[in-house]
Amino acid sequence: MRTIAACLVMVFLVGFVPLLAERVLAEEPGDARVRTVLQVATPAGATTENGGTMLSARLSAEDGRPLGGARVTFYELSTVFGERLMELGEAMTDTTGTAALVLEPAWPGEHSIIARYGGGEGLEPAQATLLLQTDAPPNMHENAEFGLEQPRKWAPFGFGLLVLAVWGVLGLVMVRVVLGIAADAPAPAPSAVPIRVFSRGQFSASSVARLLAAPALLVLTAVPVGWFLTSGGGGEPDQAAVPGTSHAGTLADLPAFPATLMQSISAITTDASGDVRRDSADFPSDLALVDGRVLVLDSNKGRMLTVTAEGKFARTFESNRGGETSLLRAVAMTSHQGLLYIAAPLYGNVVVLEPSGRVDRVIKTRVPPGTRPFHPAGVAVDERDNVWISDSSNDRVVSLSPSGGFLASIGDGDLDTPGGLAIDSGGNLWVVDSGHHQVKQYAPGGALLTAIGADQLKKPEAVAVDESGTVFVSDAGLRAVAVFGSDGLFLGLIAGDQAGHNGEMASALPYPHGVKVASDRLYVVDRLSGVHVFRLDGAAVREGER
Amino acid sequence: MVLQHDEKVQLEAAALRPITRPGEYYWVVVGGLSVLVFAAAVAYLQQLKEGLGVTGLNQRVSWGFYIGDMVFFIGISYGGAMTSAILRLTNAPWRAPLSRIAETMAVTSVLVGAVFPLIDMGRPERMVYLFRYGQVGSPVLWDVVAVNTYLIAGAIFLYLPLIPDIAVCRDRLGPSTGKWRYLLYERLALGWQGTEQQKRVLAWGTTVVAILIIPLAVSVHSVLAFLFGVTSRPGWDSTIFAPYFVLGAMFSGVATVIIAVAGFRWAYHLEEYITRKHFEYLGYIMMTLGAGYGYFMFSEYMTEGYKLHEGARDMMELMIVGRLAPFMWLFGIGGLVVPILLVALPVTRNIFGITTAAVAVLAAMWLKRFLIVVPGLAEPMMPTPLVIYWPSRVEIMITLGAVAAIPLLMMLFFRLFPIISIFEIEEVAEEDAKRTAEALHQAVP
């Protein structure tokens with residue numbers, strides 16, 4: 001017995017005591033740490049032979065002093081199998097505070113690059129993002145540089161010639177047999193049905209032309225039909241052909257809406273040793289404002305975080321990942337009468353939470369089956385406690401009774417991948433129509449009232465409407481929040497621009513999603529960078545517009 | 001011996017019988033086969049409307065019945081063309097009554113087989129991307145080029161020996177056969193009168209195409225094999241795959257020729273021209289090819305099974321003692337051993353026995369295609385469970401429709417053109433007479 005007791009004490013001392021000590025020490029407020037600034041850019045002309053792009057991150061203290069010997073990790077936002085950060089690699093900063101890494105993009109187009117510094121002794125963590133355009137995919141393979149290189153190069157030509165030779169021989173055989181037989185054929189008897197094509201004396205240029213006319217007509221018809229089918233007629237809708245696709249839509253093109261970035265709460269926080277803390281947010285998606293508290297939906301971890309008075313995240317609710325209250329991958333939340341309503345995709349339930357994190361109830365939705373699994377992307381609750389949910393997979397918005405019973409469906413036919421929802425002071429429903437790059441307003445009965453943003457929005461995600469009717473739309477394509485007057489006029493963008501070290505302006509919102517507005521404050525959840533609070537300085541502008 | 005006038009008249013009557021008097025059950029059979037083809041078309045329309053989700057295909061096993069069907073149908077086509085071409089080039093006189101059925105079977109089955117890649121695509125209109133963005137280094141592009149070239153060559157190979165017989169239709173059936181049909185015969189006969197010059201040109205063209213079609217058919221099935229062989233999947237990663245496929249195609253093709261010949265012989269009363277001798281010769285060829293196929297299979301499994309690399313080990317276990325073992329052993333015994341015995345043993349070496357053996361070979365070779373295509377994809381390459389594939393009702397209906405389409409197309413073709421080659425039978429008889437005369441001349445100076 002004594003031996004067992006001694007072993008248990010040893011296990012406790014060796015295992016738990018250091019862990020406890022670490023937790024206690026970690027929770028203790030450390031010394032005031034120096035704020036760090038991380039900026040990421042692509043140096044001009046820094047393209048490698050393989051089509052790779054040089055990524056450069058510069059880390060400095062708040063006073064501009066470069067920080068060398070720090071580890072910077074580069075990520076790329078991947079949407080394959082859900083949104084997540086794909087680690088590209090790590091690099092150490094040199095004496096100028098610069099860390100560099102070569103990105104070899106696997107696809108052409110837009111790439112969201114994130115650089116993170118986890119913090120260190122006396123230094124705060126920092127994050128920077130960069131939107132990169134690559135023109136063409138690089139070669140993902142290297143040709144063998146050995147003796148077979150030349151045969152490999154010429155083999156297609158060799159085989160191509162062989163195929164042409166075979167076709168040539170077949171054509172020659174046909175021509176020779178046809179001509180040979182026709183040459184020895186008797187002249188047609190006057191009473192017989194004339195052989196118009198191949199009989200002797202009638203094998204003329206016009207008959208050959210008639211022979212060739214049919215296949216030529218076929219080819220001439222097939223080519224435009226094929227072109228039509230592959231360029232939009234039968235294939236995926238062409239981006240340019242979608243109504244409302246923005247052709248402008250860059251920060252430089254669109255005016256800014258007057259707003260001041262008051263506070264940013266980074267998604268990633270680190271402890272004193274620079275390790276990422278457990279209460280860091282992993283792809284937060286939405287937020288809600290209840291009794292002056294800001295609650296954030298931590299999507300990839302399936303939990304609820306509260307923003308503390310110190311501007312940090314604290315865990316409020318941690319869902320059972322497989323249970324009926326699971327919030328895993330939930331992207332839509334709203335508050336109503338002091339309760340939080342979260343549309344959870346795992347079972348299609350609406351989980352109702354108190355701000356303290358206690359589960360009030362679970363609304364089990366009874367939605368008519370669509371062509372694809374039900375996928376909630378937006379949620380709103382009206383005055384009668386009915387719940388509205390946008391089903392992005394089935395291009396519809398459904399309304400449900402407080403107990404989850406199906407009431408009605410709106411938007412059938414005029415919505416494409418609906419996203420966030422909001423209800424304005426008049427009880428009208430605002431729906432983000434992501435596929436059509438618009439935001440649409442519906443009467444409570446389902447009638448379409450208006451559609452806005454066709455010329456400005458690129459990838460709208462969520463919507464909020466203030467008491468005066470001003471509409472705020474988060475747009476991941478614009479990397480900003482677009483503001484529209486109550487009359488639908490576009491007023492400008494809120495991006496919280498920050499200066500990069502290469503002199504270019506960069507958005508503080510690399511991937512804005514959830515957006516809420518309260519009096520003159522705009523709260524935005526960015527899926528990469530965290531929560532940002534803006535003071536709206538444009539009230540006068542809005543009044544002026546009206 | 002040159003055919004006498006009444007023999008020639010009898011031959012022409014027999015060859016033209018499916019055109020003039022197809023029989024009271026002709027339209028019943030055509031109707032029955034059409035129903036199956038129509039059901040397949042309806043099933044395909046459902047697939048086109050709802051997507052590949054209506055099939056049993058899944059993310060892992062993306063090739064199932066459809067690709068197995070493609071390999072199978074193109075394979076049997078190859079057997080038809082090879083039988084006719086090789087026998088023609090080796091001047092085997094017994095080939096003459098069989099060649100038309102073999103060549104028609106070759107063209108119809110490749111037509112049916114070539115449709116399956118389109119059926120396997122959820123968005124068939126995107127086939128045009130193959131021509132817009134085709135990669136020269138991709139076996140898929142090689143496959144399209146090879147199959148289409150082979151199809152054109154097969155059609156020419158069918159058409160050239162048909163010219164004199166079309167002229168027979170033109171001359172014997174006359175304008176009474178109907179304006180459009182007569183016009184068709186007139187045009188396709190090219191003014192054939194059977195002059196020496198015409199015979200010389202036709203013999204030259206037929207010989208060239210017969211020479212060409214053998215490597216073409218080999219290339220088609222080699223390329224089909226490369227679709228699998230160049231893919232790093234357990235069971236496919238084999239250097240023997242191309243000749244293995246070629247031999248398998250010939251094996252199943254000869255079996256199909258036997259079944260088709262037996263069927264049309266019975267239906268159109270061709271017993272006088274297609275005799276037990278023809279079945280025995282075809283049976284010997286099938287038996288030899290079967291033995292060769294068994295040897296290739298043994299060689300493949302011996303090489304893989306001795307090393308037992310990780311993927312191959314699981315595959316071997318699955319096929320020999322695992323879940324697919326009943327199918328594999330059914331193929332080995334029912335598709336190789338039993339048919340070889342049926343042909344080898346004198347007591348069963350008759351038309352019924354050989355035809356039974358051919359049916360067993362054909363069914364077993366279809367099963368073998370399934371066993372090549374599906375387990376190679378189902379077997380995981382990462383530590384994940386084995387994925388089960390089972391065809392849906394749609395896939396089964398489309399496959400049955402394709403099986404029905406081949407005899408249907410052949411019956412419709414023989415409603416227009418002679419089922420046996422009158423010209424070749426006459427030609428063989430003339431050559432036979434020449435040889436006899438020469439032998440007599442040498443024996444009696």
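Analyst: In this predicted model, the contact draws 27 residues from chain A and 31 residues from chain B. On the side of chain A that touches chain B, two elements give two or more residues: helix 2 (149-183) and helix 3 (205-233) of chain A. Helix 2 of chain A gives the most to that side, with 14 residues. Sorted by class, the side of chain A that touches chain B holds 19 nonpolar, five polar and three charged residues.

A word on confidence belongs here. The mean pLDDT of chain A is 77, and 73% of its residues reach 70 or more. Over residues 189-205 of chain A, however, pLDDT stays under 50, and the model has 32 contacts for this stretch beyond four places in sequence. The pLDDT is also below 50 over residues 221-251 of chain A, a stretch with 45 contacts in the model beyond near neighbours in sequence.

After helix 3 of chain B comes N91(B), which has a positive phi near 60°.

The other helix is helix 10 of chain B (residues 241-267), where A260(B) is found. A260(B) has 23 other C-beta atoms within 10 Å and is therefore buried, the threshold being 20 or more. Leaving aside residues up to four places away in sequence, A260(B) touches I101(B), M105(B) and M410(B). A260(B) and P407(B) lie 147 residues apart along the chain, yet their C-alpha atoms are separated by 8.0 Å.

Chain A also contains an open sheet of four strands, in the order 17-18-19-20, with antiparallel pairing. Strand 17 (376-381) and strand 20 (406-410) of chain A stand at the edges; each has a single partner strand, so one side of each is left without a neighbour in the sheet. From one strand to the next, the twist averages 20°.

Strand 19 of chain A pairs on both sides. With strand 18 (residues 387-391) of chain A, strand 19 of chain A pairs in the antiparallel sense over five bridges, and S390(A) stands opposite V397(A) in strand 19 of chain A. With strand 20 of chain A, strand 19 (residues 396-400) of chain A pairs in the antiparallel sense over four bridges. Here V397(A) has I410(A) in strand 20 of chain A as its bridge partner, while S399(A) has A408(A) in strand 20 of chain A.

Five of the five residues of strand 19 of chain A are buried, so this strand is largely enclosed by the rest of the structure. The burial covers both faces of strand 19 of chain A: R396(A), V398(A) and L400(A) are buried on one side, and V397(A) and S399(A) on the other.

Strand 18 and strand 19 of chain A form a hairpin with four residues between them, and D395(A) in the turn has a positive phi of about 55°. The hairpin of strand 19 and strand 20 of chain A has five residues between the strands, and G404(A) takes a positive phi near 105° there. In the loop between strand 17 and strand 18 of chain A lies D385(A), a residue other than glycine whose phi is positive, near 65°. D385(A) counts as exposed because it has 12 C-beta neighbours inside 10 Å, and the limit is 12 or fewer.

A further case occurs elsewhere in chain A. Q337(A) is placed in the loop between strand 13 (332-336) and strand 14 (339-343) of chain A. Although Q337(A) is not a glycine, it has a positive phi of about 50°. Most residues other than glycine have a negative phi. Q337(A) has 9 C-beta neighbours inside 10 Å and so counts as exposed.

Key: Residues numbered from 1 in each chain as written. Chains lettered and ligands numbered in written order. Predicted model: local features only at pLDDT ≥ 70, side-chain atom pairs only at ≥ 80, totals over all residues. Contact = placed C-beta atoms within 7 Å. Nonpolar A, V, L, I, M, F, W, Y, C, P; charged D, E, K, R; others polar. Pairing = 2+ DSSP bridges. Axes fitted to C-alpha atoms, helices over the stretch in contact; angles between N-to-C directions. pLDDT = per-residue confidence, 0-100.
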